[in-house]
Protein chains: 2
Amino acid sequence: MSDGPQQQTGQSLLFLTDEQLRKGIEAMFFAYRGFTADPDRILEEKSYGRAHHRAIHFIHRSPGTTVNNLLSILGVTKQSLNRVLRTLIEDGLVASTVGKKDKRERHLHLTPEGAVLERALSDAQRDRMRAAYRTVGPDAVAGFRQVLEAMMDDQTRHHYEAMKDRAE
Amino acid sequence: MSDGPQQQTGQSLLFLTDEQLRKGIEAMFFAYRGFTADPDRILEEKSYGRAHHRAIHFIHRSPGTTVNNLLSILGVTKQSLNRVLRTLIEDGLVASTVGKKDKRERHLHLTPEGAVLERALSDAQRDRMRAAYRTVGPDAVAGFRQVLEAMMDDQTRHHYEAMKDRAE
DNA sequence: TTGGAATGTCAACAAAGCTGACGTATTGTT
DNA sequence: AACAATACGTCAGCTTTGTTGACATTCCAA
């Protein structure tokens, strides 16, 4: 064969070789380390971990969200999330208020102090992202986002889409 | 101002807004879950974890690598890696042989059985990657790789580059 | 009104990271 | 030859963050 099993519509399928895919896999692995490195440094000072960061991020994104909702976004068990939330509440970074309609629910908000940490974390993470984006330009960034979205699970993509256009 | 602080060379900087960057951050977070989901399922059956997967992957990539080298690629402590390596060796997936030139070193290889698991894991991970790549096309994939590479730490990028073109 | 479903909390355990200390074999240096 | 440095393995103990199981509270529907 000269062009692979699929019908070629004029463009090469060389980007689908195992070798190319393996490079993508390794790039993803190594890049994720960079992605978390800067916030990790800030978190370490305060003795928090990535789980705290994720909780803070999505509470900031969806103020008033319930524990259950946060659970399904983060994809962990409620017991695991609860431990993190408890410390954040004790430390005064997150406020938990009993639901008005349904008293079983707890609505979560960042306190002013929590918002300060959120800002520090997301600034750090955005700085690296911005530098990368600026280096490669808008077309590459568009491709980046397309691949990531195509890589998500359907359920996960649902969460992502739901949040995506909320504030634009 | 009408066009932002930087000098515009004709193209918009809208892709550098905080909002766009936040979307990229969330896309990265959600996509990484998809990225690991398929191998995770296979690993769970065998009571292994992601740490085992990473070790197997890079031993496959660099047959005969030493423990020290693997350590610096993975970015963990030797105690942590050793725990994983020990179980893989006990289970007969990895072979550790004393170095010929330097007898202090141990050279790591996958056994045939280890290669079988490696293949299963990377097939699963590649399938998803391939589907994503195919959906978005080669230009988007090129952008994806560019952004990931720009996001890495310098040290990490060094490991990535060193491995990148070994087999093409 | 009562029993089941939903929401959230507490307890105990496991995986996988970490530091620190130490032993052993080997290599390199003085 | 003596000594320091390197590579590796291991023990002990700690932290973060995931898990399952048991339980209290609240809501809703039969």
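Reader: Is Gln79(B) buried or exposed?

Author: This is a predicted model. In it, Gln79(B) counts as exposed because its relative accessible area is 54%, and the cut-off for exposed is over 50%.

Reader: Which helix is Gln79(B) in?

Author: Gln79(B) sits in helix H4 of chain B.

Reader: And how far is Gln79(B) from Lys101(B), in sequence and in space?

Author: The two are 22 residues apart along the sequence, and their C-alpha atoms are 25 Å apart.

Reader: What does the side chain of Gln79(B) have to do with DNA strand C?

Author: One of the polar atoms in the side chain of Gln79(B) is 2.8 Å from a base oxygen of DNA strand C.

Reader: What about the phosphates? Which side chain has an N or O atom 2.5 Å from a phosphate oxygen of DNA strand C?

Author: That is Asn68(A). Counting the atoms of DNA strand C within 4 Å of the protein, 56% are sugar or phosphate atoms, and the rest are in bases.

Reader: How many residues surround DNA strand C?

Author: There are 26, and the closest are Asn68(A), Lys78(A), Asn82(A), Arg54(B) and Thr77(B).

Reader: Which helices do they come from?

Author: Helices H3 (67-74) and H4 (78-90) of chain A, and helices H2 (50-61) and H4 (78-90) of chain B, each give at least two residues. H4(A) has the largest share, with five residues.

Reader: Changing topic: how much area do chain B and chain A bury between them?

Author: About 6600 Å², with 69% of it on carbon and sulfur atoms. Ile25(B), Phe30(B) and Met151(B) provide 10% of what chain B buries against chain A, more than any other three residues. In terms of contacts, 62 residues of chain B meet 62 residues of chain A.

Reader: How many salt bridges are there between chain B and chain A?

Author: Ten. One of them pairs Arg119(A) with Asp18(B), where the closest N and O atoms are 3.5 Å apart. H1(B) gives the most to the side of chain B that touches chain A, namely 19 residues. That side has 31 nonpolar, 13 polar and 18 charged residues.

Reader: How many salt bridges does the structure hold over all chains?

Author: It holds 32. Side chains of opposite charge can pair when their charged atoms come close. Glu19(B) and Arg22(B) form one such bridge, at 2.6 Å from N to O.

Reader: Where do Glu19(B) and Arg22(B) lie relative to each other?

Author: Both are in helix H1 of chain B, three residues apart, so about one helical turn separates them. Glu19(B) is partly exposed, with a relative accessible area of 21%, whereas Arg22(B) is buried, at 7%.

Reader: Which residue does Asp127(B) meet in a salt bridge?

Author: Asp127(B) meets Arg130(B), at 3.2 Å from N to O. These two are three residues apart in helix H5 of chain B, which means about one helical turn lies between them. Asp127(B) is partly exposed, with 45% relative accessibility. Through salt bridges with shared partners, one network joins Asp18(A), Arg119(B), Asp123(B), Arg126(B), Asp127(B) and Arg130(B).

Note on methods:
Residues are numbered from 1 along each chain as its sequence is written. Chains are lettered from A and ligands numbered from 1 in the order in which they are written. This is a predicted model: local features need pLDDT of at least 70, side-chain atom pairs count only at pLDDT 80 or more; totals for chains, interfaces and linings use all residues. Side-chain values use heavy atoms; hydrogens and water are left out. A residue is near a molecule or strand if one of its heavy atoms lies within 4 Å of it. A polar contact is a pair of N or O atoms within 3.5 Å; within protein, one must be able to donate a hydrogen and the other to accept it, and residues adjacent in sequence count only if both atoms are side-chain atoms. Helices (H or I, at least four residues) and strands (E, at least two) are DSSP runs, numbered from the N terminus. Contact means heavy atoms within 4.5 Å. Buried area is the accessible area (1.4 Å probe) that two parts lose on being put together, summed over both. A salt bridge is a side-chain nitrogen of Lys or Arg within 4 Å of a carboxyl oxygen of Asp or Glu. Ala, Val, Leu, Ile, Met, Phe, Trp, Tyr, Cys and Pro count as nonpolar, Asp, Glu, Lys and Arg as charged, and the others, Gly among them, as polar. Buried means under 20% relative accessible area, exposed over 50%, partly exposed in between (1.4 Å probe, protein chains only).
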